[in-house]
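Hi,

Here is the structure you asked about. Please open it first, then read my notes below.

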Amino acid sequence: MTKYTIRMVAPDDLTACHTIEARCFSPAEAAWASSIETRIQTYPEGFLVAEYDGEVVGQINSGSTYKDDITDEEFKQLIGHDPDGQNIVIFSLSVLPQFQKQGLGDQLLGSFIKQARDMGKAKVMLLCKDKLVAYYTRHGFENEGTSASTHGGEQWVEMTLLL
Ligand SMILES: CC(C)(COP(=O)(O)OP(=O)(O)OC[C@H]1O[C@@H](n2cnc3c(N)ncnc32)[C@H](O)[C@@H]1OP(=O)(O)O)[C@@H](O)C(=O)NCCC(=O)NCCS
């Protein structure tokens, strides 16, 4: 059975995390390296990576806020981030294509949800494409409907999980 390690991100993971982002999202949707660096430096408690054989192959990162409106583009660069906020917002769950469909996304998301609960957060929030609504629903998220966000020129569904 394949063995992965899920751990908190470290500064040295920046290049690997940016590579995963670029492989998994379109150029318009993918986070800039500078945004990922900010997330690593500012909120490592909300950033987990999956490591296989010494290589980082998956990631989940986030910001925290008191606000319920998560459509603000600047928030992805952690402008407005408040580590004490009761909401934790997932920006990116992504797994290198050759490591997908092996349960790694489930492990990252499960670990993240457990950690968010341990941190005393009230709610996990995210925006996803239509095709991933069923994936997040399986993890207990509720579909809150179409978001006002037009990030990357796309339509997004808002999903929330009460902890
Ligand atoms: C979404 C994403 C993170 C899921 O990661 P993943 O590691 O493939 O997720 P899992 O393996 O846990 O589950 C994916 C599917 O594989 C299936 N699966 C899990 N383990 C499996 C196994 N051992 N064998 C075959 N299938 C398996 C799951 O049932 C699930 O089925 P679904 O396609 O019907 O939902 C990944 O596809 C990705 O990076 N996508 C691009 C980026 C993206 O869109 N991210 C989400 C927006 S933030």
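In which strand does G63 lie? G63 sits in β3, residues 55-65. Strands here are DSSP runs of E with at least two residues, helices are runs of H or I with at least four, and both are numbered from the N terminus.

Two points on the source. This is a predicted model: local features need pLDDT of at least 70, side-chain atom pairs count only at pLDDT 80 or more, and totals for chains, interfaces and linings use all residues. Residues are numbered from 1 along each chain as its sequence is written.

Back to G63. It counts as buried because it has 26 C-beta neighbours inside 10 Å. (Buried means 20 or more other C-beta atoms within 10 Å of a residue's own, exposed means 12 or fewer, and partly exposed is in between; C-beta atoms are placed from the backbone.) Leaving out residues up to four places away in sequence, G63 touches Y43, G46, F75, L78, H81, V89 and F91. Contact means C-beta atoms, placed from the backbone, within 7 Å. The C-alpha atoms of G63 and G85 are 9.1 Å apart, with the two residues 22 apart along the chain.

Next, helix α1, residues 14-24. C17, I20 and E21 are buried there.

Best wishes

Definitions and conventions: Two residues are in contact if their C-beta atoms, placed from the backbone, lie within 7 Å.
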